[in-house]
Amino acid sequence: MRTLLRPQFLAVIGVLFLSGCSQSLNAPVKYYQFEQSIKPMQRSSTNTSAQLRINTVSLRGALNNRGIAMKMDNNQVNAANYHLWSEAPDQMLTASAHQALFTALDNWMVVKGLPVITDKDQQSYYELEYELHHFNGDSHGNADISGLWRLYYTSFEKGRSLKEIHYFSEVSPLIDDDYEGLVESLELNWHNINKQVATTLSSLSHE
């Protein structure tokens, strides 16, 4: 891991590395994604006590852009032209959250999108919504994921109701002062957020 550059250089590095590198029209396009290795896992309804549906992550405004985002000091958000996510950020973040929560909540049936309903018992389930207000680097050399998550509960008898709302902010120095370091830092922040969500959910008494 390379040593981070001194603070007085961070604003310059931010402009050079994270604003799209517009000075080089022939720069090659590079694509990035979260590393998150896949581990063999399985789950069945017979050995789980609750079902969790994860909705597609919602990102505010231009943050759901293939160009990796950077927030400048003048409140502008710039998207890189040559450093892109390999897929839409909302899909990447949703898949990452699903895997993290599936791994952490070993007594939950964790699914993406529409709930798996095969009988009356499975018509009762929790539903998780993420809303991200920040998903970017900044000119001070930080990676920032901030927003909120909502937890709903749906039952056959009572329908859908809002149970909890949690605001969160994970801001950390870049692992390295380049796009790779930004992507690694954002992934670590997202992993920490989902660990906190899993801790909260595991303490729930299932209705």
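Start by selecting helix 2 and helix 3: they pack at about 45°, with axes 9 Å apart. (Axes are lines fitted to C-alpha atoms over the stretch in contact, and angles run from 0 to 180 degrees between N-to-C directions.) That makes helix 2 oblique to helix 3, oblique being what is left once under 35 degrees is roughly parallel, over 145 roughly antiparallel and 65 to 115 roughly perpendicular.

A word on the model: it is predicted, with local features needing pLDDT of at least 70 and side-chain atom pairs 80 or more, while totals for chains, interfaces and linings use all residues. Numbering starts from 1 along each chain as its sequence is written, and side-chain values use heavy atoms, leaving out hydrogens and water.

Next, show the contact (heavy atoms within 4.5 Å): L93, S96, A97, A100, L101 and A104 of helix 2 against W190, N194, V197 and A198 of helix 3. Colour by class and you get eight nonpolar, two polar and no charged residues.

Now for the largest pocket, with a volume of about 460 Å³. (A pocket is an open set of 1 Å grid points where a 1.4 Å probe fits, with protein on both sides within 12 Å along at least five of seven lines; lining residues have an atom within 4 Å of a point.) Select E35, Q36, S37, E187 and H191, the closest to its centre of the 22 lining residues. Helix 3 gives the largest share of the lining, nine residues.

Methods: Grid points are joined across faces, edges and corners, and a volume is the space filled by probe spheres set on the points. Helices (H or I, at least four residues) and strands (E, at least two) are DSSP runs, numbered from the N terminus. Ala, Val, Leu, Ile, Met, Phe, Trp, Tyr, Cys and Pro count as nonpolar, Asp, Glu, Lys and Arg as charged, and the others, Gly among them, as polar.
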